[in-house]
Amino acid sequence: MMLTLSSKEMELVRSTLDREPNEAEWKVVDALWSEHCSYKSSKTFLRSLPTTGQGVIMSVEDWQDAGAVDVGDGWALVLKVESHNHPSAVDPYNGAATGVGGILRDIISKGARPIALLDMIRVGGLDAKGKWLLKNIIAGIASYGNSVGVPVVGGELSFDPTYTDNPLVDVACVGVVKASEIVPSVVRTPGLKLVLVGFTGLDGIGGASFASRKLSGMDEIGAVQIADPFAGKILIDATLEVRGKVEAMKDLGGGGLAVAVTEMANGLGARVQLEMVPLRVKGMSPEEIIISETQERMLFAVKSENVQEVCRAFEDYNYPCEVIGEIVSEPRITFTYEGKVVVDLPSQLLLSPPLFVWPMNRKVRTEEVKEVSVREALSTILLHPDLGNKEWAYSQFDYEVGVSTLVKPGQADSAVIELPNGRQIAVKGDANQDLCEVDAYECGKAIVAEAFRNLASVGARGIAAVDHLQFGDPRKPEVYQDFVDSIRGISEAAKFFSVPIVGGKVSFHNEDKNGNPIKPTPLIVMAGLVEGKYLKPRVEEGWLVLLGITRNELRGTLFSRLFGGRGEVARARLMEDLLASELIIKAINESKLTWNKDINKGGLAGSLLPILASGHAVHINTKAVIGTRDPLSILFSESGGRFLVLTDDPQWFHIQASRKGIVASTIGKVTKGKASLFLDDVELPLEREVERYLNMLEEELS
Amino acid sequence: MRTAVLKFPGTTCEEDVVKALRLVKAEAEVVKFNSFDPDRYQGVVIPGGFSFGDYLRAGTIAANSEAMKGVREMADQGKLVLGICNGFQILVESGILKGALLPNLKLRFITKWTYVRVSRKDTPFTRGIKDVLLMPIAHAEGRYYLEDEEEARELAVFQYSNPSGLVVEEVNPNGSVQNVAGIANQAGNVIGLMPHPERASFSKLTPDGSTDGLEILRVFGK
């Protein structure tokens, strides 16, 4: 039996029960107390995140469920992010596909119709292993998302050796539901029937524990769930059909039935007859039934009189639907099999794992600095796959399904989707492992700011976010310090922008095979409402205006990943981010720009790629860049608060910026022509870089 | 026209098609595969998606369903039948339309906006229509195949082309014979195509503000 419980935790269980639990009971405790389900090492700090605010309809309850915000006319937007890192390392196709399935069920379990998916993927590089991972991860996401008819509208793709052994596969989903029709995930009254839909099989046995320890390198394929997108589609359609007839619903995720039943009972009790569970294979033991993580299952709490009607919707599709037990007032979780008690544990014990605060220690950062010329740095950065055109990936997604994707993948830094009430939302996911590696606190702030800017770049103002915190082993003091620092940063920025964090997840134990933690990779997914007009950016001839101050900040950037840090850490400047974002939204509404991009990965140089790749040349007068004279910083600094704007009315930006108290400078122009950067009139031909930018992934991965 | 939009388990585009059909004032409704009565409708659309998960082969399980017997009846009576994407796959799998749809040459799913030339205007769907339409494809198995290439060219209603309507190999997204994007039966009342007209029906969703998909769907509004 592979348990992740510590000896102290086991002692606590024994003393509370005053007996030795049987094997099945140990497995139930192990699942519920797993880091994956219990947040025992993170909860103390997660409480500092702002989870409420204007418009929040439903915020996170113990970080288990999706959050919801008001988007007008009685509609709520439901938002959730989750990773499937460990399964994807072992079986990238099924790992990624089931990640999509899981996040979709999180959304439908609130009664919401999923309308868009995002995927944020990080692998080691474009070597043989990275290619194998990436091809299968994209194919897995495509297979599931396309099959269920939910468009993947955006995401991120990053290549960094830190993820060689432990790729990160994050998927986020947004859904819509009338606020009055949101279905809770917990029950409040005893007597309700527990109805399970879907078959239970032998896949994903012990997946929650699997996710709560480092990858062993042994054969762990049995812990990976297998995706069945067709079943997933039936589950979505039928669940949304019956949502008005159920009192509570929960999807079966980590910890299977054990966790779903216990959390749904929420302090009340439950009695489950395991022999009633519809099985995919014969001869499963009661313990296996309890902790199996087979996908495409849902648990409903239903009034007796509604059971038939609920099950009829599933039977229409020949989908199994059975009453497996009921909610009772005595606060015990009891699983029986053919009359014999298999598990009998107090609800409170299962729901109250001991919380941990581990020792912390801030790591000493040293960076090797490599000498590099401006020309060489420019080529290397523009050729980096992190900045490359992602069409190879997103063209595998059915991003048009739903006829609501207004700004599509590859068109801008955020996707824009139309809501049923006619309004539009923008969504984007952002992480920054370079900055987090040097300063997790600044990074926490910066990723919130970046997401806020990305939404502004299409005309939307952030209204809610979810976070996903991905780190190494929390018992390592340097890892834990970064974790705590990043939450502090996220919390501070979220409060500053008044963007509540309505949900989230934590993923620890992301390490390479030598036990080194990945670079800290907290991730933010933010949704915003379009204020007036939205922007479909298009590159045309015009003036380039740079909003914000370019600081000598090359540490924690793509540049420093390649050539080592120089100058200061690339900090977030929240006020500058806010003011510049507001100016961009105003400019979009007054039709003062045709294209803009916030400055982030690869600095000013990185943001020029989409312009150069559209048949244009860029002329930049470096003396007009405000804030630094250092040639490397001018091109590659990733200091926050900046946007690059393409306009035929630069004066408007100068006037508006000075009114707001931020800086704007006309730093050059864009003309039709071959891809060249004229830096103070010196031509740097970039056709090779642009050609590679456009085709790199296609060439490497086809 | 009273138009059924057929929903099989795994169909994903039924609501999108209904939304577009309402723009041309068709009397359209989603009909589940197990409650389809062909006598109640003058037209039927089989929308895109992954019917029965596309298990075995795209469209093949749906092609053998009771509902498709009803579609065949309608086709034989000269009523209008339109299969989009998976719907096209179902029509060829059921033998109502000729040929087969094979995996794309790149062996992967491809979403892309494509131009198609309208090569036949003798069908109720294409009478008096523009010469070149802009619509998106989104499929993994869309490579049209028919052994007799000459026949394929005769049946072809839509062929992938450049923006000015020239049918050239460079713009063939999936390796179809003769760049075939869609075909009709001899009579012209049954059409199947891989591009999605319903996704090219709302100007805010198209790259150039066009609504070429409506040109094809308009016949259901009559």
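**Around the annotated site of chain B, and beyond**

B:Glu198 sits in the loop between E11 and H6 of chain B, where helices (H or I, at least four residues) and strands (E, at least two) are DSSP runs numbered from the N terminus. The model is a predicted one, in which local features need pLDDT of at least 70, side-chain atom pairs count only at pLDDT 80 or more, and totals for chains, interfaces and linings use all residues. Residues are numbered from 1 along each chain as its sequence is written, while chains are lettered from A and ligands numbered from 1 in the order in which they are written.

Leaving aside neighbours within four places in sequence, B:Glu198 is in contact (C-beta atoms, placed from the backbone, within 7 Å) with A:Val403, B:Cys13, B:Asp16, B:Val17, B:Ala20 and B:Gly213.

B:His196 lies in the loop between strand E11 (190-193) and helix H6 (212-217) of chain B. With 27 C-beta neighbours inside 10 Å, B:His196 is buried too. Its contacts, not counting residues up to four places away in sequence, include A:Glu400, B:Cys85 and B:Met135. An unreviewed UniProt entry places the feature "active site" at B:Cys85, B:His196 and B:Glu198; UniProt positions are given in the numbering used here, feature names are shortened, and annotations may be inferred rather than shown by experiment. These residues span 114 residues in sequence, yet no two of their C-alpha atoms are more than 11.1 Å apart, so they gather at one spot.

Helix H4 (residues 86-93) of chain B is mostly covered, with eight of its eight residues buried. After H4(B) comes B:Gly95, with a positive phi near 80 degrees.

Turning to chain A, helix H20 (residues 574-589) has 16 residues and reaches 23 Å from its first C-alpha to its last, close to the 22 Å expected at 1.5 Å a residue (1.5 Å times one less than the number of residues). Among the buried residues of H20(A) are A:Leu574, A:Glu576 and A:Asp577. A:Ser591, which follows H20(A), has a positive phi near 50 degrees.

The domain assignment, automatic or from a database, gives chain A domain 1 (193-207 + 239-338) and domain 2 (537-702). Taken over C-alpha atoms, the centres of these two domains of chain A are 53 Å apart.

Notes
Buried ≥ 20, exposed ≤ 12 C-beta atoms within 10 Å, placed from the backbone. Contact = placed C-beta atoms within 7 Å.
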